[in-house]
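Keep the model open as you read.

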Amino acid sequence: MNIATIGTGSIVDAILSAINELEDVMVTAMYSRKRETAQELADKYGISTIYTDLESLFSDQNVDLVYIASPNSMHYEQAYQALQHGKHVVCEKPFTSTLQEAETLIALAKEKNLLLFEAISNIHLPNIKVIQEQLPKLGPIKLIQCNYSQYSRKYNDLLAGQTPNVFNPEFSGGALMDINIYNLHLVMSLFGSPNTVSYTANQHANGIDTSGVAVLKYPKFIAECVGAKDTSGMNFVLIQGEKGYLQVVGGANGCREIKIQIGNEPAAEYNAQSKANWLYYEWEVFRDIYLAKDYKRCYELLQHSRSVMNVLAEARKNAGIVFAADADK
């Protein structure tokens with residue numbers, strides 16, 4: 001599987017490091033608007049080709065799959081173009097800006113018999129399987145609490161009067177899309193879609209959310225998902241049942257360790273992840289699906305991504321958060 005990347009941020013560096021550990025996967029090309037921006041990463045990972053024109057990248061017959069890690073608002077158009085050129089696509093989270101964009105991409109991928117994935121690492125982690133196996137021990141679930149808060153250096157720029165992409169409605173930014181999305185993916189990968197969604201946010205003058213609390217109501221329990229880019233916090237996931245609780249140490253992004261307390265029994269600890277770079281696991285999944293041509297599994301993952309996009313859309317609507325992309329859909 002030969003991959004081309006779009007974007008040169010820190011996430012691309014981490015992805016390239018993860019891919020380096022995988023067999024049957026090779027990054028053969030990179031795209032950046034300026035060659036010098038990509039040159040350091042290309043040299044670091046031995047990537048031979050740098051494109052400064054997207055059409056040239058999409059026309060490269062040596063590229064099987066395109067990985068998109070551009071600003072959020074660009075995901076849809078670039079993924080659409082890649083699919084139109086017959087390329088399989090992995091699109092960084094959030095999958096798209098709107099639900100309609102997600103549905104359009106999914107329909108196009110199916111029409112062209114191409115693989116399409118959202119790069120959301122935590123749902124592919126081995127520790128997610130550990131959680132699924134341990135949940136029955138908790139008894140009926142009543143409450144879920146998630147907190148993923150990470151003070152962004154870009155928030156200082158926002159306070160100084162600038163508008164970085166991650167805090168810009170034009171670029172589909174904000175805490176919900178950038179950071180709370182990990183909580184939503186984890187909860188929904190375990191329990192499916194909620195009955196109702198509400199979102200209460202701290203909003204900048206430009207309307208973007210810098211932090212907020214999403215409440216997902218299920219038939220028999222409530223999930224509270226906190227995401228912040230304007231504060232730091234104690235990151236965790238806590239799933240509470242009538243018989244005990246399960247803690248995801250360090251939060252939804254990484255799921256580094258699982259602790260379980262059942263009644264008065266001694267606490268149990270689990271960790272099924274041996275890779276320091278947990279992005280390895282999602283790319284292992286993408287590679288295996290690609291090699292097996294397992295479209296059924298791909299479409300299952302796409303349905304999950306669509307469901308999360310629907311919840312994101314409902315949450316934004318509830319809080320009155322409007323993106324530029326909304327005007328076109």
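**From the cavity outward**

Start inside. The largest cavity is lined by L116, F117, E118, I120, I123, H124, F286, L301, L302 and S305. Keep in mind that this is a predicted model. The space in this largest cavity comes to about 50 Å³. How many cavities of 30 Å³ or more are there? The count is one.

Seven residues of the cavity lining are nonpolar, two are polar and one is charged. Two elements, β6 (116–119) and α10 (295–319), each provide at least two residues of that lining.

Next, move to the second largest pocket. About 330 Å³ of space lies in this pocket. Its lining has 15 residues, and I123, H124, K129, R297 and L301 are the ones nearest its centre. Helices α6 (126–134), α9 and α10 each give two or more residues to this lining. By class, the lining of the second largest pocket splits into seven nonpolar, four polar and four charged residues.

Which residues lie nearest its centre? They are G9, S10, I11, A69 and D178, out of a lining of 48 residues. The lining of the largest pocket has 20 nonpolar, 18 polar and ten charged residues. Helices α1, α4 (75–84), α7 (153–159), α8 (175–191) and α9 (279–292) each supply at least two of the lining residues. The most comes from α1, which gives four residues. Note α9 in particular. This helix contributes to the lining of the largest pocket, and α9 also contributes to the lining of the second largest pocket.

In α2 (residues 35–45), the residues A38, L41, A42 and Y45 are buried. Why do these four count as one side of the helix? They lie on the same side of α2 because they cover an arc of only 105° around the axis. What does this buried side meet? The buried residues of α2 pack against α1 (10–19), β2 (26–31) and β3 (49–51).

The face away from the buried side carries E36, E40, D43 and K44, which are exposed. After α2 comes G46. The phi of G46 is positive, near 65°.

Finally, step back to the whole chain. Ten helices and 14 strands make up its count of elements. The radius of gyration of the chain is 20 Å, close to the 20 Å that the globule rule gives for 329 residues, so the chain is as compact as a globular protein of that length. The C-alpha trace spans about 60 × 45 × 35 Å along its principal axes. Of the 329 residues, 54% count as buried. Contacts tell of links along the sequence too. Among contacts with a separation of 6 or more, 68% are between residues 24 or more positions apart.

Key. Residues numbered from 1 in each chain as written. Predicted model: local features only at pLDDT ≥ 70, side-chain atom pairs only at ≥ 80, totals over all residues. Heavy atoms only, no water. Buried < 20%, exposed > 50% of the residue type's maximum accessible area, 1.4 Å probe, protein only. Arc of directions from axis to C-beta. Contact = heavy atoms within 4.5 Å. 1 Å grid on protein atoms, 1.4 Å probe; cavity = no way out; pocket = protein on both sides within 12 Å on 5 of 7 lines; lining within 4 Å. Points joined across faces, edges and corners; volume = space filled by probe spheres on them. Nonpolar A, V, L, I, M, F, W, Y, C, P; charged D, E, K, R; others polar. Rg over C-alpha atoms; globule rule 2.2 N^0.38 Å.
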